[in-house]
Amino acid sequence: MNKLIEYFEELETTKEYKGYFCSVADAITIIILGSICGLKNVSQIHQWAANEKIKEFLKEKFQIKEVPCYYWLLCLLKLVKPDSLNKCFIRWVESLIPNKQKNFTVALDGKTIRSTTKKDSYKSPLHIVSAKRGEGTI
């Protein structure tokens, strides 16, 4: 199995970038890892990645030697072509699915419970999502 960062090394950018001390793939890896940890925005992800223990983890497990400053992390993200990111991300996620399960589809259905929009005790309406696994591809 390839490492996470290897799936994002082929990212296309809007401008040429030589990757002085942090590559675009490094930046995307940091963003994905921070998102997996439940962080909601680039500011939170940068604060997390700048922690000494996390820096050491990134260096040891992902060979990311330097964490860019917040501004530079944003600049690197702006360079990425969205379609290229989608392709790389899909390749990475597909690599996580065992071969015997690659021909299954998952049907998702979502509903918003209408009566919950009027209740003051809820910050937002109640949403329900159901999923059903089936064989074959769409």
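User: Is Ala-107 buried, partly exposed or exposed, given its relative accessible area?

Analyst: In this predicted model, Ala-107 has its place in strand S1, which covers residues 104-112. Its relative accessible area is 48%, and because buried means under 20% and exposed means over 50%, Ala-107 counts as partly exposed.

User: In what order do the elements of the protein chain run from the N terminus on?

Analyst: The protein chain holds five helices and two strands. Read from the N terminus on, these elements run α-α-α-α-α-β-β.

User: What share of the residues of the protein chain counts as buried?

Analyst: The accessible surface of the protein chain comes to about 10,300 Å², and 54% of that surface belongs to carbon and sulfur atoms. Turning from surface to interior, the protein chain has 138 residues, and the share that counts as buried is 28%.

User: How are H1 and H2 oriented to each other?

Analyst: Helix H1 spans residues 24-36, and its axis comes within 9 Å of the axis of H2, with a crossing angle of roughly 100 degrees. Because angles of 65 to 115 degrees count as roughly perpendicular, H1 and H2 are roughly perpendicular to each other.

User: How many nonpolar residues does the contact of H1 with H2 have?

Analyst: On the H1 side, the contact involves Ile-30, Ile-31, Leu-33, Gly-34 and Ser-35, which meet Val-42, Ile-45, Trp-48 and Ala-49 in H2. Sorted by class, this contact has no charged residues and two polar ones, while the number of nonpolar residues is seven.

User: Is Val-42 buried or exposed?

Analyst: Val-42 lies in helix H2, and its C-alpha atom is 7.2 Å from that of Ile-31, a residue 11 positions away in sequence. Apart from residues up to four places away in sequence, Val-42 touches Ile-31, Tyr-70, Leu-73, Leu-74 and Leu-77. With a relative accessibility of 18%, Val-42 counts as buried.

User: Which backbone nitrogen does the side chain of His-46 reach at 3.2 Å?

Analyst: His-46 is found in helix H2, residues 42-49, and is buried at a relative accessible area of 16%. Once its neighbours within four places in sequence are left aside, His-46 is in contact with Val-67, Pro-68, Cys-69, Tyr-70 and Leu-73. The backbone nitrogen that the side chain of His-46 reaches at 3.2 Å is that of Tyr-70.

User: What is the relative accessible area of Ala-27?

Analyst: Ala-27 is found in helix H1, where, residues up to four places away in sequence not being counted, it touches Cys-22, Leu-73 and Leu-76. The C-alpha atoms of Ala-27 and Leu-74 lie 8.9 Å apart, although 47 residues separate the two in sequence. Ala-27 is buried, and its relative accessible area is 0%.

User: Where is Gln-63 found?

Analyst: Gln-63 is not a glycine, yet it has a positive phi of about 55 degrees. At 40% relative accessibility, Gln-63 counts as partly exposed. Its place is the loop between helix H3 (52-62) and helix H4 (70-79).

User: Which residues is Ser-84 in contact with, leaving aside its neighbours within four places in sequence?

Analyst: Ser-84 has its place in helix H5, residues 82-96, and is buried with a relative accessible area of 7%. Its contacts beyond the neighbours within four places in sequence are Glu-10, Leu-11 and Glu-12.

Notes. Residues are numbered from 1 along each chain as its sequence is written. This is a predicted model: local features need pLDDT of at least 70, side-chain atom pairs count only at pLDDT 80 or more; totals for chains, interfaces and linings use all residues. Side-chain values use heavy atoms; hydrogens and water are left out. Helices (H or I, at least four residues) and strands (E, at least two) are DSSP runs, numbered from the N terminus. Buried means under 20% relative accessible area, exposed over 50%, partly exposed in between (1.4 Å probe, protein chains only). A polar contact is a pair of N or O atoms within 3.5 Å; within protein, one must be able to donate a hydrogen and the other to accept it, and residues adjacent in sequence count only if both atoms are side-chain atoms. Contact means heavy atoms within 4.5 Å. Axes are lines fitted to C-alpha atoms, for helices over the stretch in contact, and angles run from 0 to 180 degrees between N-to-C directions. Angles under 35 degrees count as roughly parallel, over 145 as roughly antiparallel, 65 to 115 as roughly perpendicular and the rest as oblique. Ala, Val, Leu, Ile, Met, Phe, Trp, Tyr, Cys and Pro count as nonpolar, Asp, Glu, Lys and Arg as charged, and the others, Gly among them, as polar. Accessible areas come from the Shrake-Rupley method with a 1.4 Å probe; for residues, only the protein chains shown count as cover.
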